[in-house]
Amino acid sequence: MVGTPVLFIAIPLLAAFLIPLLGMIWKELVRIVPGLVLIYLLILAVNLLDHVMVHGPIIEIIAGWAPPIGINLVFSAFSGFLVTIMIFLGLLIWLYSYRFKKNVGYEPAKKYFLLLMMLITGSVGIVLTGDIFNMFVFIEITGISAYGLTAFYTGRDSAEASFKYLMLGSIASTFLLLAIMIIYSQLGTLNMADIANRIHTMNPTYKIISLIFFITALGIEAEIFPLNGWAPDAYSEAPGPVGAAFAGIVVKASVYAIIRYIFTIFDVDGAFNFLIIIGMLTLIIAEMAAIRQEKLKRMLAYSSIGQMGLVLVAFGFGTEEGVYAALFLMLNHAIIKSLLFFSGSYLVYNSKDKLIAEMNGLGKKLPITSFLFALGAFAIIGLPPFAGFWSKLSVLTAAADKNMIFIMSLILFVSLIELVYYLRVVNRLYNSKEKASSIEVKKPTANALITMLVLGGLILLIGFYPDVVTGVLHKASAALMDKSQYIHNVLSINQ
Amino acid sequence: MDNALFDLLDYAVYGTAILVMLIGIYGALAKKSLLKIVIGLSVSDSGLNMLIVAIGYLKGGTAPIFSPGYLDGTNKLMVDPVPQALVLTAIVIGFGVTAVALALVIRLYRHHGTLNIDEIKNLKW
């Protein structure tokens, strides 16, 4: 072992606050240090995940108070898998944005990397913690840094998008705290395993009320319809890599929180069916909205919301196959949507309104970027040789196992809509009949190109050899499903 | 004094806290001025904090430290310290969110020259 789970929170948090000080020594350090930290954390995450696969979950007690009194961190196959994806994506976002814009000076870069580190700390904390109030604190850390990152560009309408996000996020945090206090007033504990152990003694009325508050609050962060009004604006006004961070890191953490509450903590019948219904609604409405969008990033944002809906549907099956499919989708969504945001940012780099209509003929001017965008588009639709195919297939087989033919047909129908609006963009890139766009293109920087090529390579790798990830995914889904083992592991640990 | 009145007062604390929360949420959702929205969010936070402290209160309990009454055995009751610790954290978080919100309000005012949200709609609200 090279370290313990608490380092995932302590090191990036420390680095975030040291960045301004390090910048006084040498200005380039504000760009270098986050990368070093993320590389170290990635090595740590892969090592710990490897250890967890064989030896079972690592449970770490903070400050010497054993659960249920103190706060504990749980690094299981499930949470460890999500942490590894998040850190990996964080590293790629760092690499991509290392010199995203030449004109971004020292001051903005300092703030950008500080907030990015805080965002990663918060999201990783949400996934690792075993205490509901601690999770609330991490959700707020993530939220505040996300508001800051949304408002990063001063020239655009970013402050408006950020304020909208902040307003909803603030109401969400009020609801979340209320839900936590309802549980605390009934059970007198904040530890997740302890709550899960004693939830059946709780008055059903209070149980349902607090579950509703939890889902409303977390649904705002996880972009569930109809609580996702902030998402398209935040994605389109924030810098491109931040869009990837929202889709790949923040939303994943919020979905994790919903899943942890429904699968482990609450034992409410019907919560799974509720997930399927709300997921289906989110999926269908988001894809319908995506097809109407004229701006590239708004389209990607709605597509991202739709994907999260599909993830919730897959979790809602409540079977191990369903969880497996959902985790596979989350992994694919993280790499494919990031590739789309990364390459899409360069395709509309100099255009003022970021319209899809302005992308005519870019396939010739920016061959590699356009090719990678097309690759990502095909992968997210779920065409066979790419990564997205396997995850969509596993969702459909999980639905077939539950005899949900109607859900299957709806998912296939929505895939068709997806196909239409992604092909519309790809067609513009390569169609030579239309007048080529007169907007001057911006060639991607070397590090951005490397990032996109890595992601493209991963999509092909998982597409051709899905076996590289399926083993981890099976272990991770088994870890989530085994609720009594989770409770036992946490509560039996003693200092 | 009558005991029933004391019971009523116990519930009145919860009622007041929830009322303050609802007033805050109403302000945040119904008002047009950005500043009033921020104030509304802040008020609803305060109401929630009152509610949390009220949940941890025990009638006749002392502060959850080794106070004189507790040490000499005249008063064995303590209020629950956990909600108070949570409220301290929640207050700090609320302060941070309010600060960010006000910074955004300043940016919006400079950009649009108004605080009325009906006039700030370059994005679809």
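These are my notes on two loop residues of chain A and on the contact between chains A and B.

I am working with a predicted model, where local features need pLDDT of at least 70, side-chain atom pairs count only at pLDDT 80 or more, and totals for chains, interfaces and linings use all residues. Residues are numbered from 1 along each chain as its sequence is written, while chains are lettered from A and ligands numbered from 1 in the order in which they are written.

**A:Glu223.** I looked up its backbone and found phi near 65°, a positive value in a residue other than glycine. A:Glu223 sits in the loop between helix 8 (204-221) and helix 9 (230-237) of chain A. Helices here are DSSP runs of H or I with at least four residues, numbered from the N terminus. Is A:Glu223 buried or exposed? I count A:Glu223 as buried because 30 other C-beta atoms lie within 10 Å. The cut-offs, with C-beta atoms placed from the backbone, are 20 or more others within 10 Å for buried, 12 or fewer for exposed, and partly exposed in between.

**A:Asn403.** Phi of A:Asn403 is near 60°, again positive in a residue other than glycine. I placed A:Asn403 in the loop between helix 16 (387-401) and helix 17 (405-430) of chain A. A:Asn403 has 9 C-beta neighbours inside 10 Å, so I list A:Asn403 as exposed.

**Chains A and B.** I found 25 residues of chain B in contact with 23 residues of chain A; contact means C-beta atoms, placed from the backbone, within 7 Å. On the chain B side, helix 1 (3-30), helix 2 (34-55) and helix 4 (81-112) each give two or more residues. Helix 4 of chain B gives the largest share, twelve residues.
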